[in-house]
Amino acid sequence: MKKIISLLLVLAFVFSFAACAKTPVDTSTVKVATLQGPTGMGMAYMLKNYDYEVCAGPDEITGKLVSGDFDIAALPTNAAATLYNKTGGKVKLLALNTGCVLYILEKGNSIKSVADLKGKTIYVSGQGSTPEYILDYILEENGLKVGEDVTLDFTYTTHNDLVAFAVSGKADVLLLPEPAVTALLAKNSDMRVALSLEDEWNGGAPIAMGCVAVNTAFLEANPDAVAKFLEDYENSVSLVNDKAKIDDTANTIADLGIVATAGVAKSALPRCNIIFATGDEMKTMMEGFCKVLFDYNPDSIGGKLPDENFYY
């Protein structure tokens with residue numbers, strides 16, 4: 001009788017352990033979208049474990065994230081805030097993944113400070129987006145008024161078009177993000193990086209240009225999958241930022257189509273400011289950056305500051 005009772009206790013323990021053990025998350029069913037460029041680089045060592053798509057611009061992502069065609073997506077921070085405000089909370093912020101990747105380049109060696117931009121025409125791609133807002137803010141903080149002291153030329157709508165124009169030697173001063181900066185420097189040796197906008201920024205909070213957002217309905221239905229995604233993402237960012245792995249990282253980024261070539265990826269990585277910020281750190285950074293954008297142009301984040309429910 002004692003043997004039977006002992007056996008039953010052992011079986012009860014085994015079955016209770018099995019019941020408590022977590023079922024592994026099948027990441028291959030999670031639909032992830034990311035962007036070409038720095039916003040997507042941090043995912044290099046995890047994407048192939050997911051159902052992923054690399055997109056050329058945020059317009060290819062935003063609608064599908066809201067509709068649920070994408071579960072999780074990397075996109076500009078102001079786009080995530082705007083989506084949250086415009087859809088009544090159908091997306092949430094999971095993590096920040098990119099700091100400032102914007103640089104002023106010039107043909108020559110005359111620009112040493114923001115003050116030296118007075119009287120210049122700066123070619124900028126992406127009118128009505130975060131790069132324009134950040135540049136405008138920095139110019140105004142340094143006493144330069146756009147349209148009077150400085151002219152911004154938005155003739156070229158994409159970074160690639162602006163790079164092509166600058167390669168021809170017709171642009172003296174321009175604003176570009178990485179990896180477009182590296183692509184230009186490789187093709188035009190007369191150009192140099194004159195200013196880092198992160199170094200010139202005095203907005204009271206770090207610049208947070210890129211983030212990862214989640215479809216709220218997916219988050220509520222699949223909390224374990226989201227937690228696993230963030231664990232994988234943090235590990236991937238750590239590997240991407242490991243200088244000893246830069247060659248492997250550059251090749252992986254190029255193979256995924258996040259950057260055109262491994263050579264460009266390798267040269268650009270040190271200036272891409274890839275980060276992983278969640279929880280209170282994410283909230284503090286994002287609130288500060290959103291406040292600057294809101295004070296400058298409320299429409300840049302959807303007309304109002306996101307409330308507490310925006311943050312995972």
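Two strands are said to pair if DSSP finds at least two bridges between them. Helices (H or I, at least four residues) and strands (E, at least two) are themselves DSSP runs, numbered from the N terminus. This is a predicted model, in which local features need pLDDT of at least 70 and side-chain atom pairs count only at pLDDT 80 or more, while totals for chains, interfaces and linings use all residues. Residues are numbered from 1 along each chain as its sequence is written, and side-chain values use heavy atoms, with hydrogens and water left out.

Y123 stands opposite L174 of β8. The loop between β8 (173–177) and α7 (180–187) holds P179. The peptide bond that joins E178 and P179 is cis, with omega about 5°.

Strand β4 (residues 91–98) has other partners. With strand β10 (residues 210–215), β4 pairs in the antiparallel sense over 6 bridges, and L93 has A213 of β10 as its bridge partner. Strand β11 (residues 274–277) also runs antiparallel to β4, joined by 2 bridges; there T98 stands opposite I274. Strands of a sheet pair through backbone hydrogen bonds, either parallel or antiparallel. β4 is mostly covered, with 8 of its 8 residues buried. Buried means under 20% relative accessible area, exposed over 50%, and partly exposed in between (1.4 Å probe, protein chains only).

The loop between α12 (262–268) and β11 contains N273. This residue is not a glycine, yet N273 has a positive phi of about 50°. N273 is partly exposed, at a relative accessible area of 24%.

What is the disulfide count? It comes to 0, where a disulfide is a pair of cysteine sulfur atoms within 2.5 Å. For C211, the nearest cysteine sulfur is that of C290, 9.2 Å away. C211 is buried, with a relative accessible area of 0%, and C290 is buried with 2%.

The axes of helix α5 (residues 130–141) and helix α13 (residues 279–296) come within 11 Å and cross at roughly 80°. The two helices are therefore roughly perpendicular: angles under 35 degrees count as roughly parallel, over 145 as roughly antiparallel, 65 to 115 as roughly perpendicular and the rest as oblique. From α5, T130, Y133, I134, D136, Y137 and E140 meet F289, V292, L293 and Y296 of α13. By class, this contact has 7 nonpolar, 1 polar and 2 charged residues. Ala, Val, Leu, Ile, Met, Phe, Trp, Tyr, Cys and Pro count as nonpolar, Asp, Glu, Lys and Arg as charged, and the others, Gly among them, as polar.

Methods. Axes fitted to C-alpha atoms, helices over the stretch in contact; angles between N-to-C directions. Contact = heavy atoms within 4.5 Å.
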